[in-house]
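Student: Hi! Could you walk me through this structure? I'm new to reading these.

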Amino acid sequence: MEERDYRESFPKWDDSMKKTHKILVPDMLPWHFAILEQVFRLEGYDVEVLKNDSRRVVDEGLKHVHNDTCYPCLCVVGQFIDALKSGKYDPGKTALMMTQTGGGCRASNYMSLIRKAIKREFPQVPVISINFSGLEKDSSLQIKPKFFLKMAFSVLYGDTVMWCYNQTKPYEEEEGATDIARGKAMEFIMDSFKRGGYSHYKKLNKRIIETFAAVKRKDIKKIKVGIVGEIYVKYSGLGNNNLERFLLSEGCEPVVPALLDFALYCIVNNINDAKFYGIGKKRAFIYKIVYKLVHHMQNNIIKLFKKNGAFLPVHDFEHLRRCGDKVLNQGVKMGEGWLIPAEIAAFAETGVPNIVCAQPFGCLPNHIAGKGVIRTLKNLYADENIVAVDYDPSATKVNQENRIKLMLATARENNGQTEKNVKAS
Amino acid sequence: MAKYLGIDVGSTTVKAAVTDGENLIYSSYVRHYSRVKETVLSELENIKSRFPGEYSVAVTGSAGLGLSQRSGLAFVQEVQAAFIAIRKYYPSADVAVELGGEDAKIIFITGGTEQRMNGSCAGGTGAFIDQMATLLNISVEEMDEYALRAEKVYPIASRCGVFAKSDIQPLLNQGASKADISASIFRAVVDQTVSGLAQGRKIGGQVLFLGGPLYFLKALRKAFKETLSLTDEQAVFPDNAPCFMAIGAALYARNVRAENIDSVIEKISKAKGNDEIITGKPLFKDKAEYSGFVKRHRATDLNYADIATYTGDCYIGIDSGSTTTKLIAITPDCRIIWAHYQSNNGQPLDIVVKKLKEFFALSGGRIKVAGCAVTGYGEDLIKSAVKADFGIVETVAHFKAALHFNPKVDFIIDIGGQDIKCFKIKNGAIDSIMLNEACSSGCGSFIQTFARAMGMEINKFAEKGLYAKHPVELGSRCTVFMNSAVKQAQKEGAGIDDISAGLSSSIVKNAIYKVIRASSADDLGENIVVQGGTFLNDAVLRAFELETGKNVIRPGIAGLMGAFGAALYAKENMRGKSGMSGAEELENFTYKSQTAVCRGCTSNCNVNIIRFGDGSKYISGNKCERGAGLPPASGKLDIYAYKQTRLTECVTGVRGKNGRVGLPLQLVMYEQLPIWAGFFESLGFEVVLSEKSSRNLYFKGQHTVASDTVCYPAKLIHGHIESLLDAGVDFIFMPCESYNLDEHTSVNHYNCPVVAYYPELLKANNGRLNSQNFLMPYLDLNRRANTVKKLHALLKKYRFTKRSIARALDEGFDRLKKYRDDVRGKADEILFEAEAAGKQVIVLAGRPYHLDNEINHGINKLLTSLGLAVISEDSIFEKGEPVKVNVLNQWTYHARLYRAADFVCSRKNVNLVQLVSFGCGIDAITTDEVRAILERNGKLYTQIKIDEINNLGVVRIRLRSMLAAIEESAEK
């Protein structure tokens with residue numbers, strides 16, 4: 001069959017360019033990219049996670065991306081272009097890198113949207129795809145198994161650091177002590193990558209937990225607020241107007257789910273495709289093994305948390321899935337799909353009924369998996385207290401914060417009531 | 001003893017309440033006109049003079065947050081404050097509805113406490129009502145009085161002010177009564193509250209209505225009572241409703257330590273502005289720079305001729321715009337004899353007639369009208385009323401006018417009161433046209449509304465911005481967003497001058513980056529002419545020049561360009577004597593307007609009939625020509641009409657022994673109805689289709705819509721489900737499908753997330769649905785064996801064999817194949833006949849569900865009435881080559897669009913119009929790609945955004961402009 005080719009040419013990436021090119025990465029997952037940045041460097045990639053977050057970032061995004069495209073895309077493109085324009089980088093020797101999932105949501109198209117956006121001003125800059133679905137074969141990062149493992153372990157450590165930090169920071173007796181602990185943890189994590197031993201995840205996780213547990217904490221109760229939603233605005237301060245910081249300033253404990261959950265969610269979706277429709281049975285077989293392995297590791301980490309006792313452990317993904325099944329079918333697999341209600345339900349069952357569901361304005365999967373499930377969740381859990389917040393270049397911070405404050409007021413109220421109820425009984 | 005003071009600082013008002021712990025001893029309600037701090041302070045002084053002493057103070061309200069943070073006073077979230085007060089004063093209330101200036105809230109008290117606020121994109125609030133009153137040119141109080149006398153209610157989009165405006169404007173232009181429009185506006189507010197906030201929860205029992213608008217506006221109260229079917233006992237309107245939150249805050253203040261009122265006053269007066277607002281560069285450095293600028297632009301003014309002395313011929317141009325009416329008379333050598341520009345106050349016809357009479361009086365019989373042309377929204381009406389010689393499309397008029405000022409013009413941008421129009425000119429013809437979509441308006445009328453809200457005339461307001469030191473950065477989205485950005489800036493202490501300048505550059509950015517979507521100013525062109533009333537505002541003009549980095553031409557008659565272009569058109573095209581009504585005829589001119597429902601077809605359009613004094617009449621509001629008394633547009637060359645009939649014929653309607661199954665004809669069912677009708681009928685079920693889509697059907701399901709930003713097709717399906725439940729079917733069937741049918745020309749074959757999983761949302765948000773009466777299996781129809789297995793399990797209780805399931809599925813796919821063959825055959829026929837008749841063909845390309853008349857608003861009929869043949873993307877995409885595109889081509893429906901575009905490029909007489917549902921995120925990606933394919937092959941790209949608004953006026957202009965451009969390029 002003849003095919004008409006309407007594609008425009010764009011510079012490709014091949015791995016030999018790592019000697020000459022600096023690779024810019026958007027600030028998507030601050031906790032994890034802090035580790036991954038170093039890991040990439042050790043592999044010989046000159047990676048820099050961008051930290052520019054001025055209004056110019058959003059303005060460049062607005063200029064270069066169709067404005068009906070989702071906010072994360074706008075932030076990512078804006079950050080790239082703002083950086084390229086800053087003069088700090090030689091466009092002839094710079095590449096951009098972005099992750100790609102290949103799912104049925106718009107996010108799979110970020111790659112092409114970034115290329116379109118930079119085409120005019122920076123036609124020589126290649127855009128690299130990181131994906132595990134065989135997309136963009138001619139311009140993606142060549143990831144050897146060992147390198148892949150290093151990335152996987154980085155996720156585990158990033159999760160534990162984030163999880164411990166969030167449970168320590170709100171309660172620290174001495175201001176700044178938690179950040180010092182984080183610095184220490186980062187140091188020995190990176191050390192393990194440099195000197196070997198990064199795969200001793202039990203040892204390292206134990207050390208991370210102990211490092212944070214050593215920080216003196218006040219014995220006070222704070223309201224816990226779970227942050228769920230679209231992956232970019234869930235984690236990125238640029239995307240969510242520094243939601244974690246805001247919640248801290250409101251005297252709350254932000255609870256941000258582990259990134260590993262998202263990875264396991266993607267794996268399960270592949271297994272489900274075989275289970276539901278009989279698609280890719282062979283591939284699913286491998287995914288099942290991987291899932292078991294990773295889940296086993298997660299269980300070991302949970303055991304470490306329990307043994308130490310200072311912090312609530314991360315969620316067991318199997319439990320999370322069972323929670324999710326009460327709300328939404330696992331067939332909903334585009335975007336963050338069933339993971340969102342699963343996380344909310346798992347939070348509800350572990351004493352975190354207060355939720356900020358963060359999503360880009362007009363996010364398609366979240367119509368169903370975010371706003372669409374709130375009613376079901378409220379029917380399931382009496383105390384459920386969810387606020388869905390839309391993020392968008394023009395949504396004002398005041399507007400968002402006021403809605404979050406409403407959720408917090410309800411949370412405080414519910415807390416008071418529960419306390420009374422406890423006293424009464 | 002200390003007293004308790006609650007201060008509620010809303011977006012437009014400050015409310016204060018003082019209690020002594022038991023009784024309310026003082027309350028007040030004042031507008032703050034954005035002077036938040038001053039207003040609060042003067043209120044406090046008031047209170048101090050009457051009740052000096054110790055106070056426990058709490059602040060609440062959307063604007064109170066910032067104030068409390070900077071002054072260190074206690075804050076309580078406003079819904080929370082209301083809740084506290086409700087529990088004290090109205091313990092038996094079940095629900096409370098509160099409308100404020102910018103917020104709308106619902107508190108469910110019994111049956112699971114829940115507090116909800118409108119999302120960031122939801123109008124239907126006090127500010128919305130204000131905006132609408134301004135549009136009608138009456139006060140809110142008058143609007144209330146009018147509404148109580150209404151006879152009928154028109155459907156008006158209430159999601160945001162911009163949408164509502166585009167619904168109201170045509171009604172005004174058609175002469176609908178202010179009473180009916182006012183009532184419709186209040187009804188829209190109620191609908192918004194019910195659909196946007198209640199989202200599936202019924203508002204019933206004892207309902208408390210709070211907030212200023214609900215206290216002051218009787219018609220709004222009435223609308224709420226009627227819509228929610230509440231009795232007098234159930235609907236409670238507290239006397240202290242406006243100050244209710246303030247009272248709540250005062251109650252909350254019991255937990256706050258008391259201090260002397262003087263110290264409270266001191267804290268507030270010391271509160272600093274916040275440095276978080278972002279500011280841009282000033283528009284002008286100094287007065288000298290400004291006067292240089294003024295001088296440069298004055299050079300392009302036209303010459304005048306004195307109407308008191310001029311003798312000879314003249315040409316009249318009339319531009320009946322959406323918010324303003326423009327008239328001009330020019331001499332054959334293009335001097336202006338007379339011109340007029342005014343807001344049409346909803347009565348464009350009256351104004352035109354009155355002004356023409358004045359013109360004839362002034363001309364004293366010396367001046368002869370040699371020709372007259374009308375353009376703009378009101379073109380048809382005015383043309384029939386004054387018997388003008390020509391009616392021309394706005395875009396053509398504007399192009400004509402711009403050419404006069406710069407024959408080399410390659411880019412025209414016109415920002416009017418209601419819309420933004422841009423044209424690129426290539427080889428002396430309009431090459432592409434960009435009009436603002438409903439959501440990116442933010443045009444001239446916005447500044448005007450805003451100026452009025454500040455209690456200022458527009459000129460004064462604009463002038464203030466010229467020398468602003470730190471223009472506020474307000475973003476470039478739709479008005480609602482800008483509105484709240486402005487409010488935020490005010491709260492942060494920005495001055496009116498900074499806001500005025502900020503608004504000007506916002507409007508410019510909106511135009512450049514949203515409407516034109518230029519990535520840099522160089523994309524626009526070299527010879528730019530700017531026009532439209534909004535550019536008469538020097539601040540906007542300057543902001544445009546700064547943003548583009550170019551000096552542009554703004555004719556002195558920038559606001560009259562449409563009328564001027566029309567006059568020029570009349571001058572160039574007039575042959576013979578002008579037929580325009582003369583002085584005497586106008587003197588005797590009368591008309592009566594009356595509304596009716598057209599019964600010409602099943603669309604039941606609301607039409608407006610205007611009968612002129614001489615017996616002739618003008619009909620508007622109808623989707624097709626039938627209502628206008630003309631022969632109906634032929635459905636013969638319209639595949640949409642064909643498909644609508646052919647698709648429902650896939651259901652034979654035979655009774656079945658196994659029961660009745662309901663299929664909602666929406667979203668995926670518009671593609672798969674043949675499959676499922678065949679499947680269930682062959683298994684012995686009677687297939688019942690949901691009711692035909694309509695506005696009323698939408699309202700029926702509105703209360704179960706969970707996300708107010710989802711596309712209209714998705715919102716509509718809620719009504720379809722209700723109609724099937726009411727029809728008493730045994731169960732409703734609607735599959736969830738991550739994957740669509742694989743047509744083997746794309747990388748993957750996904751459905752969009754909404755189409756794929758919407759049944760989940762329906763089930764979760766409609767209390768009447770359960771796992772017995774709503775079957776939503778997860779299927780991949782590409783996998784037959786798996787599908788058979790799934791369906792077998794799903795229908796277990798009927799004890800079908802796997803074989804009969806498989807046979808039924810085959811029957812379904814057979815019907816699909818036949819349906820598709822027929823549709824393709826019909827498309828061939830249309831293409832052939834159009835070719836033979838020398839007609840242009842339009843591929844009206846969208847999604848299968850755009851077939852729905854309630855979704856496409858009858859655009860197919862509009863096209864055929866313009867003399868075009870219409871085919872759809874799914875009827876011809878296979879004729880196009882498979883294509884490789886720049887984006888990830890992974891959705892089945894969208895892959896068809898690319899191929900359809902490719903096909904269009906191979907045919908001379910075929911063009912493409914893409915239908916895009918508002919809120920369709922995926923089309924943000926596809927539209928650019930379809931455009932690229934077409935433009936690379938020298939074809940015009942036209943996009944029409946559709947949603948629940950039913951305003952074909954804009955669409956008609958766009959399509960006619962497109963036709964004009966096609967014709968011009970054909971002539972070359």
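Predicted model: local features only at pLDDT ≥ 70, side-chain atom pairs only at ≥ 80, totals over all residues.

Student: Nice. What does chain B span along its principal axes?
Tutor: Its C-alpha trace covers about 85 × 85 × 55 Å.

Student: And how many helices and strands does chain B have?
Tutor: There are 35 helices and 32 strands in chain B.

Student: What share of chain B is buried?
Tutor: Buried residues account for 60% of the 972. As for contacts between residues at least 6 apart in sequence, 74% of those in chain B join residues at least 24 apart.

Student: Switching topic: how many residues of chain A are in contact with chain B?
Tutor: On the chain A side it's 61 residues, in contact with 66 residues of chain B. Several elements of chain A each supply at least two residues to that side, including strand E1 (4-5), helix H2 (55-64) and helix H16 (397-424).

Student: Which one gives the largest share?
Tutor: That's H16(A), with 8 residues. By class, the side of chain A that touches chain B has 21 nonpolar, 21 polar and 19 charged residues.

Student: You mentioned E1(A). Which strand of chain B do bridges join it to?
Tutor: To strand E30 of chain B, residues 883-884, through 2 bridges, and the two strands run parallel. Within that pairing, Asp5(A) stands opposite Lys884(B).

Methods. Residues numbered from 1 in each chain as written. Chains lettered and ligands numbered in written order. Helix = DSSP H or I, 4+ residues; strand = E, 2+ residues; numbered from the N terminus. Buried ≥ 20, exposed ≤ 12 C-beta atoms within 10 Å, placed from the backbone. Contact = placed C-beta atoms within 7 Å. Nonpolar A, V, L, I, M, F, W, Y, C, P; charged D, E, K, R; others polar. Pairing = 2+ DSSP bridges.
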